[in-house]
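Here's a quick tour for anyone meeting this structure for the first time. Have a look at the model below, then read on.

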Amino acid sequence: MMPISTPADRMLSFCQELIRIPSPTGEEGPLADRIVTEMEELGYDEIRRDEAGNVIGTIRATDPACPSIMFTAHMDQVSAGDLSRWDYDPFGGESADGWIHGRGASDTKGAIATQVHLPTTIAGHNLRHGDLHVAQVVVEEVAGLGSRVLLDRLHPDYAFMGEGTGNGLSNGNRGRTLVRMRFPGESVHASVARREQVALYRAAAFLLQLADLPMEQGVMGSSHAVPTRGATNLLDDNVTPQAFELSIDWRSIPGETPNEILERLASIMSDGDEARIPPFDLTTYTGRSYQLEYAQPPYWIDPDHPFVVTAQRALSAHWKRDVPVQPWTFTTDCGIFTERGIPILGFSPCEARFAHTPMDRVSIDLMVEAWEAYPALVKAVSTLPRTSA
Ligand SMILES: [Zn+2]
């Protein structure tokens with residue numbers, strides 16, 4: 001084995017190890033254990049695991065008057081899918097051609113590695129800073145459970161989210177609400193079914209109105225609603241269904257709440273049609289069970305917000321290039337931070353174009369670049385006022 005020579009090498013080999021530990025949603029335990037071990041070796045002042053299984057390492061403030069800053073990403077990963085579509089072992093953590101390959105590399109194990117290695121990159125900079133929290137959460141891919149539990153206990157003044165930005169900054173994303181619709185009908189023999197007995201005609205009347213429903217407009221464009229999964233419980237082709245059930249995927253913009261979404265749908269529903277945001281139960285690897293709703297809030301922070309301006313200036317000066325600020329097209333946990341009044345920005349060496357694909361990989365150059373920029377970022381953000389009491 002080659003000797004590990006530099007702190008950057010050690011950070012990169014930690015990323016490879018993370019990829020070799022599968023961490024499907026709800027089964028993040030072994031990965032969490034590995035992160036705790038790394039944090040112990042890196043000398044964090046405090047390391048804890050909350051009841052949901054999130055891992056939080058804290059570097060204590062050198063100046064308690066400075067704001068606290070959180071770096072966060074998620075430990076769970078989506079499945080590898082069809083293995084024949086991969087050029088690399090999805091759980092091999094192979095390093096080749098300037099990339100580290102494997103499931104979760106870009107979502108978000110590349111970011112976890114750089115964040116957990118925060119102590120080695122800020123060492124020797126003599127920074128004035130508040131508490132620095134590195135929080136790796138469970139269950140992001142389903143409904144943001146981990147971040148909700150995390151923020152019940154901890155309220156950082158500012159936060160950075162490790163979802164893919166390719167070392168740019170992300171300042172928004174649409175929310176996602178799943179609505180389950182039910183259109184009633186009557187189960188009768190197809191040879192005698194009357195129009196008003198056919199659940200699918202009721203659904204069709206609704207769908208034609210949904211297609212024309214004016215969507216809310218805002219800073220991130222418009223919200224977006226699309227019917228996805230539809231089903232009946234029929235086993236036969238010659239009877240009409242008792243009901244037709246349909247899922248609506250609703251991407252919301254800031255200001256649009258789940259209740260408003262249900263009201264908008266009610267305005268085009270007929271008597272007897274039902275719409276609800278279904279609750280579901282989830283058990284974390286720690287054995288705790290939670291009931292959640294499929295409603296991820298939207299996220300937005302104004303590009304003129306002092307946090308955004310400060311972070312962008314710090315990175316642009318450090319790298320001597322303009323760092324773009326733009327919203328994500330996909331949904332992240334950031335809206336959960338926004339709901340709790342915590343200014344948050346996406347910043348990560350991961351790239352969204354690889355997430356959830358058999359091309360999953362993270363650039364070694366971008367990882368080292370992000371990791372080396374953390375001291376400049378911490379220094380700049382530490383000059384901002386605290387946002388919480
Ligand atoms: Zn993700």
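What you're looking at is a predicted model, so local features need pLDDT of at least 70 and side-chain atom pairs count only at pLDDT 80 or more, while totals for chains, interfaces and linings use all residues. Residues are numbered from 1 along each chain as its sequence is written.

**Helix 3 and its partners**

- A word on terms: helices (H or I, at least four residues) and strands (E, at least two) are DSSP runs, numbered from the N terminus. Axes are lines fitted to C-alpha atoms, for helices over the stretch in contact, and angles run from 0 to 180 degrees between N-to-C directions.
- Helix 1 (residues 7-19) and helix 3 cross at roughly 140°, and their axes come within 9 Å. That makes helix 1 oblique to helix 3 (angles under 35 degrees count as roughly parallel, over 145 as roughly antiparallel, 65 to 115 as roughly perpendicular and the rest as oblique).
- Helix 1 and helix 3 have a right-handed crossing. A crossing is left-handed if the near helix is turned anticlockwise from the far one by less than a right angle, and right-handed if clockwise.
- From helix 1, Met11, Phe14, Cys15, Leu18 and Ile19 meet a set of residues in helix 3 including Ala105, Lys109 and Gly110. By class, that contact of helix 1 with helix 3 has 9 nonpolar, 2 polar and 1 charged residues.
- Helix 3 (residues 105-116) also packs with helix 11 (residues 364-381), at an angle of about 35° and with the axes 9 Å apart. Helix 3 passes helix 11 in a right-handed crossing.
- Which residues of helix 3 and helix 11 meet? In helix 3 they're Gly110, Ala113 and Thr114, and in helix 11 they're Met367, Ala370 and Trp371. The tally for this contact of helix 3 with helix 11 is 4 nonpolar, 2 polar and no charged.
- There's a cis peptide bond to spot too, between Asp107 and Thr108, with omega about -5°; Thr108 lies in helix 3.

**Helix 11's other neighbours**

- Helix 9 (residues 306-319) packs against helix 11 at an angle of about 140°, with the axes 9 Å apart, and passes helix 11 in a right-handed crossing.
- Among the residues making that contact are Thr310, Arg313 and Trp319 of helix 9 and Ala373, Leu377 and Val381 of helix 11. The residues of the contact of helix 9 with helix 11 divide into 9 nonpolar, 2 polar and 1 charged.

- Strand 5 (residues 99-101) and strand 21 run antiparallel, joined by 3 bridges, and His101 stands opposite Arg361 in strand 21.
- Another open sheet has 7 strands in the order 1-2-6-3-7-20-8, with mixed pairing. Strand 1 (46-49) and strand 8 (169-170) stand at the edges with a single partner strand each, so one side of each is left without a neighbour in the sheet.
- Strand 3 (residues 69-74) and strand 7 (residues 158-161) run parallel, with 4 bridges between them. Ile69 stands opposite Tyr158 in strand 7.
- Asn167 is found in the loop between strand 7 and strand 8, and has a positive phi of about 65° although it isn't a glycine.

Methods. Contact = placed C-beta atoms within 7 Å. Nonpolar A, V, L, I, M, F, W, Y, C, P; charged D, E, K, R; others polar. Pairing = 2+ DSSP bridges.
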